[in-house]
Every structure is written in structure tokens, then in C-alpha cells.
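Here are my notes on the model you sent. Please read them beside the sequence and the coordinates.

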Amino acid sequence: MASDPLIVNLAPTGMVPMRADTPHVPLTTAEILADVERCAEAGVAIVHVHARRPDGTPSQDPDDVAPIVEGIRAIDPELIVCVSCSGRIEPSLEARAAVLDLDGAARPDMASLTLGSNNFLRQASVNAPDVVLGLARRMRERGIRPELEAFEPGMLAWGAHLAERGEIEGPHYANILLGNPGTAPLLPATLAAFLAVAPPDTTWALGGIGRFQLDATMLAIAAGGHVRVGLEDNIWLDRDRTTLATNAALVGRVAQLAALAERPLATPAQARERLGLPLAVPR
Ligand code: ZN
């Protein structure tokens, strides 16, 4: 429904942008937490976490991820924390699943589950069927909700298949990533194809890659979806790439668009209720 509170998912860091690309990408734990704090004030409910090593390269090491999750809990224990299980550094199940064992205040609420393989501009993202299933099972055992990531409609169809087999349990949340060169472009028709095959009752969000981020936000708000935004997917504020964005500016723009569209922003508590997520740590 178009008046549904809009769940904003912040992807502040990702694995790709480096300091040379933009001075605004938060790389250290302190920088990431400062951005999360600003963006939480602006209305973010979910934070999609990637860690970096001191040299800025991506890290899947739980020891690098833990202080970020704990820091987000300290900012607001109701914020939903989603850790990345990306295979772009190391495709093996064990390397990717290690963050799922984080405990206490470092335990994530959600973890990304890319449902298939695809190409990025310079790299392939390989998600073999046994690894996808292995991650899904590990998440289920640990009570961690998958953030279903789909670059093609068939990936969400696979998610529906896993849901039917009880391998993933809802309420389901899916990020539909549009505008990556080589996968589904940002068009109403492609969105319709994703939604037609998604698991039943999926809360869906759109993320637009690069210059498609703004369009993805507007389409999602208008169509009753939710939004993923942040420097992980797009470092520019404008389509002509003259002004580098900050995470806070990107979230601020989503908040403005939501206000114009008369969609209130979901608080973290409202997002937890919608996604059936308990509060992660006692206050
Ligand atoms: Zn990510």
C-alpha cells in the first residue's frame, strides 16, 4: 500500500568504493558508525554492514564485523542490523558463514543471501546452489533472517522455491537490485517480473545501481515498495556525476521524496514488527 511506512535500508560502505573514489565512503568502524548515527536520525531502519581492513580492502572476518554491529546496537538497539555474506572476496561457504556465528551484542538480525550468480561490470558474483542453500540453512539454525538479494527475476523465483521447501522462513524481505550493467535494468516491466515470482508476502525494496539509485527510490516509493540506499551502490548525488554524495545526503533525499509522496518513514521498531524480528538485545 502506498501509505505504508517506508522502510529505509542503508548500505553505507559496500566492498567496492575506495577512498580514491570518494572521500565520503565510511571505511573504518568509527566512520561507519558516525554515518549510521546521522542516517538513523534521518530515518533509516535497517543497516546493511560491510567491514573493511585497515588498507580499505573488504573483509569478511567476524572480528572486523563485530565492532560495527556492537556499535550500531549502542546507537539504537532497535536498528535492524544485516551483515553481508557476499562471496565476492571468498566464495566458500565457511568463509561466508563465519559472520553468522557472531553472538551477544554482535549477533546480526539479518544476513544477505544472494540467490544466484551474476556479472558485475568487472567481476562475477558466484553463488553456487549448494552455497546458497548452506547459507540459508545456517541462517535458519541461528534465527537470522535472510535479506534476499536478487539481480534477476529468476533469483527471486529460486527464493520462492526455497520458501516452499521450508529452507527460508518469512516474513520475507527482498532487495531487488536494478540497473547493474549485465543484469535486470530499471523498468516497471522488470520490476513486475520480480514481484510476480517473489515468495508470497515478501516485503520488497528496490536498490538502484549507480545513476539508477534515484529512479529506483522513486519507483519503490510510488509502487508501495521500500528503499535501499547508500554509497555501496552509488557514490554520486546527481545523474551527471558532478557532485559526490554522502550517505546522509542520500538518506535525506529519500526522506524528502517519501514526505512528498505522503509515506511516513518506518521507525526501526515498526520495521521489526513488519518483518517479525524481535529486539536483538535487551535495553
Ligand atoms: Zn552489500
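The points below cover the basis of the model, the zinc site, the cores and the pockets.

1. This is a predicted model, in which local features need pLDDT of at least 70 and side-chain atom pairs count only at pLDDT 80 or more, while totals for chains, interfaces and linings use all residues. Residues are numbered from 1 along each chain as its sequence is written, and side-chain values use heavy atoms, with hydrogens and water left out.

2. The zinc ion has as protein donors His-48 (NE2), His-50 (NE2) and Glu-232 (OE), lying 2.1 Å from it. Donors are N, O and S atoms within 2.8 Å of the metal (3.2 Å for Na, K and Ca); water is not among the atoms, so sites may look incomplete.

3. The spacing of the donor residues in sequence is H-x1-H-x181-E. Distant parts of the chain are linked by the pair His-50, in the loop between β2 (46–49) and β3 (51–52), and Glu-232, in the loop between β12 (226–229) and α8 (247–260), 182 residues apart. Helices (H or I, at least four residues) and strands (E, at least two) are DSSP runs, numbered from the N terminus. His-50 and Glu-232 are both buried (under 20% relative accessible area; exposed is over 50%, partly exposed in between; 1.4 Å probe, protein chains only).

4. The largest nonpolar core holds 72 residues, and Ile-72, Leu-113 and Leu-206 have the most contacts inside it. Helix α4 (residues 129–142) gives the most to this core, with 6 residues. Apart from it lies another core, of 12 residues, including Ile-80, Tyr-173, Ala-205 and Leu-277. A nonpolar core is a set of buried Ala, Val, Leu, Ile, Met, Phe, Trp, Tyr and Cys residues joined through side-chain atoms within 4.5 Å.

5. The largest pocket contains about 1000 Å³ of space. Its lining has 38 residues, with Val-16, Arg-88, Ile-209, Glu-232 and Asp-233 nearest its centre. A pocket is an open set of points on a 1 Å grid over the protein atoms alone, where a 1.4 Å probe fits, with protein on both sides within 12 Å along at least five of seven lines; lining residues have an atom within 4 Å of a point. A volume is the space filled by probe spheres set on the points, which are joined across faces, edges and corners.

6. The second largest pocket contains about 210 Å³ of space. Among its 16 lining residues, Met-139, Arg-140, Gly-143, Ile-144 and Arg-145 lie nearest its centre. α4 gives the most to this lining, with 3 residues.
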